[in-house]
Amino acid sequence: MEDAIIVGAGPIGLACAISAKRRGGDPLVLDAGAITNSIVHYPIGMHFFTTPERLEIGGHPLTCAGPKATREEALKYYRGVVRTEGIRTRTFARLLTAGREADGIRCTVGTRLGEETLWCRTLVLATGYFDHPNRLGVEGEDRPHVRHYFDEGHLGYGLDVVVVGGKNSAVEAALQLYRAGARVTLVHRGPAFSRSVKYWLRPDIENRIAAGEIGARFGGTVQRIDADAVVIGTADGGEQALPADLVYVLIGFHPDFALLERIGIHCDPDSGRPTIDPETLETNVAGVYLAGSATAGRSISEIFIENGRFDGEKIFGSAADRARVDQQYTSIRRPRGE
Ligand SMILES: Cc1cc2nc3c(=O)[nH]c(=O)nc-3n(C[C@H](O)[C@H](O)[C@H](O)COP(=O)(O)OP(=O)(O)OC[C@H]3O[C@@H](n4cnc5c(N)ncnc54)[C@H](O)[C@@H]3O)c2cc1C
């Protein structure tokens with residue numbers, strides 16, 4: 001019987017573990033992948049938009065070569081925090097389901113060796129959203145040349161590449177692919193890029209499109225993905241086939257609603273927001289808590305590292321700790337871009 005199991009070794013799960021340890025606990029942190037598995041899947045060499053001090057957890061300083069940390073610097077940093085704090089982790093162990101029983105919370109965990117059962121008194125789900133990409137739901141989306149994550153532009157050299165999406169991930173991918181020698185067409189169902197596109201990316205993408213270096217189809221809806229083309233619907237009700245050797249569908253992510261449902265956590269059908277006590281982050285299942293971006297339902301850009309990293313203080317802290325954290329939250333826990 002563990003006192004606490006924290007599911008998710010992302011920045012927020014690790015921050016929760018530190019909050020527990022500083023109060024005498026020794027939680028076990030499980031992750032379906034590696035430590036900070038979401039950051040592992042960021043594009044190679046990517047820079048955070050957040051300044052380094054706001055990515056820090058447990059008061060450990062994050063030093064980096066430039067003004068913003070790279071993916072690689074962040075991986076090294078969070079690895080170092082785990083080592084320094086002596087956080088007990090089990091990587092490549094996925095929580096499959098959990099349920100409250102008379103003796104505690106029973107967790108079923110899948111590893112490459114099979115399934116096992118772990119028990120705990122407190123279960124914290126800091127599972128984020130990054131391993132559940134949104135899908136178009138069209139024929140051909142599971143073809144091998146279709147990807148839902150972007151890692152580096154190099155793969156696109158000399159190829160026709162279609163990028164679907166209109167936010168930062170799609171814009172960043174389109175620019176990197178173009179610079180690596182791909183012939184890129186960007187397809188976005190909206191009339192223009194999202195307002196949240198980073199201020200330094202916007203002029204770059206707009207100028208490349210104006211110069212005809214990157215193709216763009218705004219208002220385009222993907223109908224199906226063939227072996228050699230992405231077929232989109234046009235404004236006049238027709239179809240257009242865009243040549244594609246490689247397709248990136250980068251249209252966002254969502255939390256693992258099926259897991260939350262299996263555990264018995266209620267989520268609002270429209271917003272996807274789970275039922276949680278805003279003070280303690282306890283869900284409607286006694287002893288089961290949510291932390292980090294998993295608390296935001298479908299509004300995934302609402303909670304990120306800089307404003308989710310205090311969640312462990314709410315879960316493991318006293319009323320006074322919560323009040324202190326709430327003060328920080330009122331200035332920091334706000335939707336991104338406001
Ligand atoms: C390209 C990109 C750039 C970003 N840049 C920034 C930035 O500059 N600043 C910022 O603050 N935020 C940024 N974000 C957002 C940031 O990554 C997330 O807000 C942050 O990772 C959320 O932390 P978390 O710990 O809540 O979840 P995550 O970091 O997603 O961690 C969740 C962990 O849970 C694990 N997991 C999931 N399900 C299970 C399961 N069933 N069993 C076991 N383990 C499980 C996952 O493997 C993962 O490691 C960016 C995101 C992306 C995609």
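**View 1. Helices H4 and H5 are oblique to each other in this predicted model**. H4 covers residues 168-179 and H5 covers residues 202-210. Their axes lie 10 Å apart and pack at an angle of about 55 degrees. Angles under 35 degrees count as roughly parallel, over 145 as roughly antiparallel, 65 to 115 as roughly perpendicular and the rest as oblique. Axes are lines fitted to C-alpha atoms, for helices over the stretch in contact, with angles from 0 to 180 degrees between N-to-C directions. The H4 and H5 crossing is left-handed (the near helix is turned anticlockwise from the far one by less than a right angle). From H4, Val171, Ala174, Leu175 and Tyr178 meet Asp204, Ile205 and Arg208 of H5. Contact requires C-beta atoms, placed from the backbone, within 7 Å. By class, the H4 and H5 contact has five nonpolar, no polar and two charged residues. Nonpolar covers Ala, Val, Leu, Ile, Met, Phe, Trp, Tyr, Cys and Pro; charged covers Asp, Glu, Lys and Arg; the others, Gly among them, are polar. Helices (H or I, at least four residues) and strands (E, at least two) are DSSP runs, numbered from the N terminus. Residue numbers start from 1 along each chain as its sequence is written. Local features need pLDDT of at least 70, side-chain atom pairs count only at pLDDT 80 or more, and totals for chains, interfaces and linings use all residues.

**View 2. H1 packs roughly parallel to H3**. The axes of H1 and H3 (residues 71-85) come within 11 Å and cross at roughly 20 degrees. This crossing is left-handed. Pro11, Leu14, Ile18 and Lys21 of H1 meet Tyr78, Val81, Val82 and Glu85 of H3. Six nonpolar, no polar and two charged residues make up the contact.

**View 3. The shell around the ligand has 35 residues**. Gly8, Gly10, Gly128, Gly292 and Ile305 come nearest. Near means a C-beta atom, placed from the backbone, within 6 Å. Helix H1 (11-21), helix H2 (37-40), strand S4 (94-101) and helix H7 (305-308) each give two or more residues to the shell. The shell holds 17 nonpolar, 13 polar and five charged residues.

**View 4. Domain 1 meets domain 2**. Domain 1 spans 2-132 + 253-332, and domain 2 spans 146-249. These bounds come from an automatic or database domain assignment. The domain centres, taken over C-alpha atoms, are 32 Å apart. Five residues from domain 1 and seven from domain 2 form the contact. The domain 1 side comprises three nonpolar, two polar and no charged residues.

Terms used
Contact = placed C-beta atoms within 7 Å.
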